[in-house]
Amino acid sequence: PAKLAYFRRLYQRVKQSDKWRGSRPLVVLNPGSHTDEQYLNPHLPATDVVVLFENYFSTAAKFPDAPYWAHVQWDTSHDPGRHTYSPEEHLGQPEDRLVVSRHHPSQLAALVYECPDVDSMRRAVDLAIERNLGWIFVTDDSFDDMNPW
């Protein structure tokens with residue numbers, strides 16, 4: 001990926017900053033979708049956590065699925081004018097794609113918005129656990145009204 005070296009430099013700068021002395025800053029990269037395996041390279045990391053899913057609750061059933069989460073198809077039915085994301089447009093060969101099962105859940109995250117009720121929120125959390133995602137943020141806020149984050 002073209003930006004990998006840039007994100008590695010940012011990661012190192014945050015981790016080595018005097019501002020964080022005595023603490024352990026957590027670096028989160030949010031492509032909100034597919035990314036390259038190298039961002040979580042244990043020898044040259046660009047992040048501690050990568051957000052693999054950021055979308056409507058109605059698409060949560062399409063959470064990253066093992067082994068290659070890059071095969072997820074995104075639902076754009078809420079706004080047909082949005083760009084339909086095609087992983088093949090943005091990634092190299094399948095062997096370069098992040099393999100969920102290779103990573104500890106603490107390195108993988110999902111952000112879910114427009115979750116309609118408590119039962120749905122529980123389903124989103126269950127799906128995250130089932131799919132090896134250790135971090136999840138679920139909100140009933142709408143992305144259409146304002147940024148829920």
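Q: Let's start with Thr 47. Which backbone oxygen does its side chain reach, and at what distance?
A: The side chain of Thr 47 reaches the backbone oxygen of Val 49 at 2.6 Å, and it also reaches the backbone nitrogen of Leu 29, at 3.1 Å. Both are read as polar contacts (N or O atoms within 3.5 Å, one able to donate a hydrogen and the other to accept it; residues adjacent in sequence count only if both atoms are side-chain atoms). Before we go on, this is a predicted model, where local features need pLDDT of at least 70, side-chain atom pairs need 80 or more, and totals for chains, interfaces and linings use all residues. Residues are numbered from 1 along each chain as its sequence is written, and side-chain values use heavy atoms, without hydrogens or water.

Q: Where is Thr 47 found, and is Thr 47 buried or exposed?
A: Look in the loop between strand 1 (28-29) and strand 2 (49-56). Helices (H or I, at least four residues) and strands (E, at least two) are DSSP runs, numbered from the N terminus. Thr 47 counts as buried because its relative accessibility is 3% (buried is under 20%, exposed over 50%, partly exposed in between, with a 1.4 Å probe and protein chains only). Setting aside neighbours within four places in sequence, Thr 47 is in contact with Tyr 11, Val 27, Val 28, Leu 29, Tyr 39 and Leu 40 (contact: heavy atoms within 4.5 Å).

Q: Stepping back, how many helices and strands are there?
A: You'll find 3 helices and 4 strands, and along the sequence the pattern runs α-β-β-α-β-α-β. Of the contacts with a separation of 6 or more, 65% are between residues 24 or more positions apart.

Q: In what order do the strands form the sheet?
A: The 4 strands make an open sheet in the order 1-2-3-4, with parallel pairing (strands pair if DSSP finds at least two bridges). Strand 1 and strand 4 are the edges, each pairing on one side only. Take strand 3 (residues 108-113) and strand 4 (residues 135-138): 4 bridges join them. The chain gets from one to the other through helix 3 (residues 118-130), in a right-handed β-α-β crossover. Across that pairing, Ala 110 stands opposite Ile 136.

Q: How does Phe 53 sit in strand 2, and is Phe 53 buried or exposed?
A: In a regular strand the side chains alternate between the two faces of the sheet. Phe 53 is in strand 2 and counts as buried, because its relative accessibility is 0%.

Q: Which residues have the most contacts inside the largest nonpolar core?
A: In soluble globular proteins, nonpolar side chains tend to be buried together. Here the largest core has 15 residues, and Val 50, Leu 52, Phe 57, Leu 108 and Leu 133 have the most contacts inside it (buried Ala, Val, Leu, Ile, Met, Phe, Trp, Tyr and Cys joined through side-chain atoms within 4.5 Å). Strand 2, strand 3 and helix 3 each give two or more residues to this core. Over the chain, buried residues make up 40% of the 149.

Q: How many aromatic pairs does a search of the whole structure find?
A: A pair of aromatic rings is described by the distance of the centres and the angle of the planes. The search finds 3 pairs (Phe, Tyr or six-membered Trp rings with centres within 6.5 Å; planes under 30 degrees apart are stacked, over 60 edge-to-face, the rest tilted). Tyr 6 and Phe 7 have ring centres 5.3 Å apart and planes at 70 degrees, so that pair is edge-to-face. Tyr 6, at 41% relative accessibility, counts as partly exposed, and so does Phe 7, at 26%. Ring pairs link Tyr 6, Phe 7 and Tyr 39 into a cluster.

Technical notes:
A crossover is right-handed if, with the strands pointing away from the viewer, the path from the first strand over the helix to the second runs clockwise.
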